[in-house]
Amino acid sequence: MTGSAGPAIGTRVVDTLSGLRPLAPFFCLYVTFGATLGFLSGGAPLILRARGVELAEVGLLQLINLPVGLTFLWAPLLDRLRLPFLSHRIGWIAAAQAASVLLLAVLSLGETWPLPALLALAIAACACVATMDIALEALVVETVPAERRAFVASAKLCGASLGGILGVGVLVGSYDSLGWRGAVLACAALDALCLLPILGYREARPRGAGSGAAGTGPERWSGSLARLRRLGGRVLVLGAYFAASYLVAGPNTLALLDLGVPLGQVGTLTGTVLPAVNLVMALAAGWLAARFGTVRLIAAGALGVLASGGLMVVACAGRMPDLGVAAAVLSFVAGGFLGVPVFNMIYRWAQGPKPATDYALLFGAAFFAAMPLRVAAPALAGWIGWPGYFAATLPLYAAAVAWLAVAVDRTLRDDGAAR
């Protein structure tokens with residue numbers, strides 16, 4: 001009996017690795033997404049705030065992420081046109097990733113350039129990474145069967161989390177030794193290396209993937225605005241969720257700085273603890289959803305986020321930095337419960353003849369709708385104070401997550417998958 005256990009375990013390990021191997025190309029590209037955006041926009045707000053820059057000005061750095069919310073403007077081009085090399089989706093992935101590498105190489109030369117020039121290059125690089133992302137998500141919808149997309153969502157969040165560790169925790173943490181040029185070129189090299197696995201991916205569309213009754217006839221040729229009319233309700237649900245999530249959790253690290261937590265410790269929380277927690281939660285969320293149900297998982301995560309927000313109110317009112325750090329970590333853990341269910345549902349809602357456009361609308365347009373609040377949040381906190389700010393965000397977050405849970409439950413019931 002004991003003698004047969006070893007081969008059986010070995011067989012299970014091999015089977016597990018074989019099942020994970022198809023996710024490797026997706027995982028690698030998600031690493032570059034997290035690393036590039038983390039490097040371009042993750043460390044700068046903390047550094048500038050530590051130097052005494054006003055909260056309102058720090059909020060303007062959120063504009064680096066603006067292309068993520070505008071991809072719906074050019075997503076129809078990715079659906080309609082095929083570049084004259086590689087396959088349809090992989091061609092766009094390769095072109096966008098190569099452009100981001102080139103822009104980062106140029107950016108590495110600009111340590112002493114004016115800030116507007118550096119900001120423009122950073123926004124352009126972000127636009128390329130965002131374009132790569134929507135082409136990749138279209139590839140997922142078209143080539144990955146619906147029952148396996150939760151694993152891709154986990155790979156997305158795990159890869160993006162590891163990328164955040166590299167882009168913020170490693171590159172920004174090693175900035176003193178690497179210098180501007182070394183850090184930016186390291187990011188560009190990572191982007192180039194992580195592109196290679198997807199070039200060998202077989203872009204074959206399984207039966208039923210990326211198709212649906214809603215995507216036939218004239219709608220196949222409709223533009224973003226026409227698609228937005230069909231997806232408008234879901235875009236609003238996601239937009240409310242993204243905005244409320246940022247309001248209650250996004251400025252946590254800025255609040256910690258104002259509570260007197262050292263920049264190094266806050267940087268560790270942002271660049272290492274947060275991505276590591278997200279990675280672990282992304283690995284566990286698929287199993288948890290299967291065990292307890294998607295809607296229950298969303299509810300559990302939301303309760304944790306609300307609890308963390310309440311703790312931040314107390315911490316800021318009582319000038320208790322240690323409690324603030326604990327509240328931030330709780331926010332990381334609780335928010336991690338929601339990532340896989342939300343992105344898995346976005347894949348489900350993007351299933352149709354124009355997945356790049358639909359994904360760009362569901363994620364990008366929702367993200368864009370939340371952008372004004374992301375920019376204004378630090379200024380609002382500076383105006384009313386951190387305790388009042390966090391207290392005001394809690395009912396908004398509760399309402400937004402309740403709306404999301406209702407929409408998800410309705411979809412699951414329509415699919416016959418309610419638990």
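**Questions on a predicted model**

Author: Leaving aside neighbours within four places in sequence, threonine 36 is in contact with Leu104, Val129, Cys187 and Asp191. The model is a predicted one.

Reader: Which helix holds threonine 36?
Author: Its contacts include Leu104 and Val129. Threonine 36 itself is found in helix H2.

Reader: Is threonine 36 buried or exposed?
Author: Buried means under 20% relative accessible area. Threonine 36 has 0% relative accessibility, so it counts as buried.

Reader: How are the axes of H2 and H7 oriented to each other?
Author: H2 spans residues 24-41 and H7 spans residues 88-107. Their axes come within 13 Å and cross at roughly 30 degrees. That makes H2 and H7 roughly parallel.

Reader: What is the handedness of the crossing of H2 and H7?
Author: The crossing angle is roughly 30 degrees. The crossing of H2 and H7 is left-handed.

Reader: How many nonpolar, polar and charged residues are in the contact of H2 with H7?
Author: From H2 come Leu29, Thr32, Thr36 and Leu40. They meet Ile93, Gln97, Leu104 and Leu107 in H7. The residues of this contact divide into five nonpolar, three polar and no charged.

Reader: How do H7 and H8 run relative to each other?
Author: Helix H8 covers residues 115-143. The axes of H7 and H8 come within 8 Å and cross at roughly 160 degrees. Angles over 145 degrees count as roughly antiparallel. H7 and H8 are therefore roughly antiparallel.

Reader: How many nonpolar, polar and charged residues are in the contact of H7 with H8?
Author: H7 passes H8 in a left-handed crossing. The contact residues divide into 19 nonpolar, three polar and two charged.

Reader: Where is threonine 71, and is it buried or exposed?
Author: Threonine 71 is found in the loop between helix H5 (66-70) and helix H6 (75-80). Its relative accessible area is 2%, so threonine 71 is buried.

Reader: Which residues is threonine 71 in contact with, leaving aside its neighbours within four places in sequence?
Author: Threonine 71 has a relative accessible area of 2%. Leaving those neighbours aside, it is in contact with Ala130, Thr131, Ile134, Ala360 and Gly364.

Reader: Is arginine 319 buried or exposed?
Author: Arginine 319 sits in the loop between helix H14 (294-318) and helix H15 (321-349). Exposed means over 50% relative accessible area. Arginine 319 has 52%, so it is exposed.

Reader: What is the phi of arginine 319?
Author: Arginine 319 is not a glycine.

Reader: How does H9 lie relative to H15?
Author: Helix H9 (residues 149-170) packs with H15 at an angle of about 125 degrees, with the axes 9 Å apart. Roughly perpendicular ends at 115 degrees and roughly antiparallel needs over 145. That makes H9 oblique to H15.

Reader: What is the handedness of the crossing of H9 and H15?
Author: Residues of H9 including Arg149, Ala150 and Lys156 take part in the contact with H15. On the H15 side, Phe343 and Tyr347 are among them. The contact divides into seven nonpolar, three polar and two charged residues. H9 passes H15 in a crossing that is right-handed.

Reader: What separates the C-alpha atoms of leucine 247 and alanine 377?
Author: Leucine 247 lies in helix H11 (residues 224-249). At 9% relative accessibility, it counts as buried. Its contacts include Leu373, Ala377 and Tyr389. Leucine 247 and alanine 377 are 130 residues apart along the chain, yet their C-alpha atoms are separated by 6.5 Å.

Reader: How far apart in space are valine 266 and valine 325?
Author: Valine 266 is found in helix H13 (residues 263-292). At 0% relative accessibility, it counts as buried. Valine 325 is 59 residues away in sequence.

Reader: How many helices and strands does the chain have, and what share of its residues counts as buried?
Author: Among contacts between residues at least 6 apart in sequence, 84% join residues at least 24 apart. There are 17 helices and zero strands. Of the 419 residues, the share that counts as buried is 51%.

Terms used
Residues are numbered from 1 along each chain as its sequence is written. This is a predicted model: local features need pLDDT of at least 70, side-chain atom pairs count only at pLDDT 80 or more; totals for chains, interfaces and linings use all residues. Side-chain values use heavy atoms; hydrogens and water are left out. Helices (H or I, at least four residues) and strands (E, at least two) are DSSP runs, numbered from the N terminus. Buried means under 20% relative accessible area, exposed over 50%, partly exposed in between (1.4 Å probe, protein chains only). Contact means heavy atoms within 4.5 Å. Axes are lines fitted to C-alpha atoms, for helices over the stretch in contact, and angles run from 0 to 180 degrees between N-to-C directions. Angles under 35 degrees count as roughly parallel, over 145 as roughly antiparallel, 65 to 115 as roughly perpendicular and the rest as oblique. A crossing is left-handed if the near helix is turned anticlockwise from the far one by less than a right angle, and right-handed if clockwise. Ala, Val, Leu, Ile, Met, Phe, Trp, Tyr, Cys and Pro count as nonpolar, Asp, Glu, Lys and Arg as charged, and the others, Gly among them, as polar.
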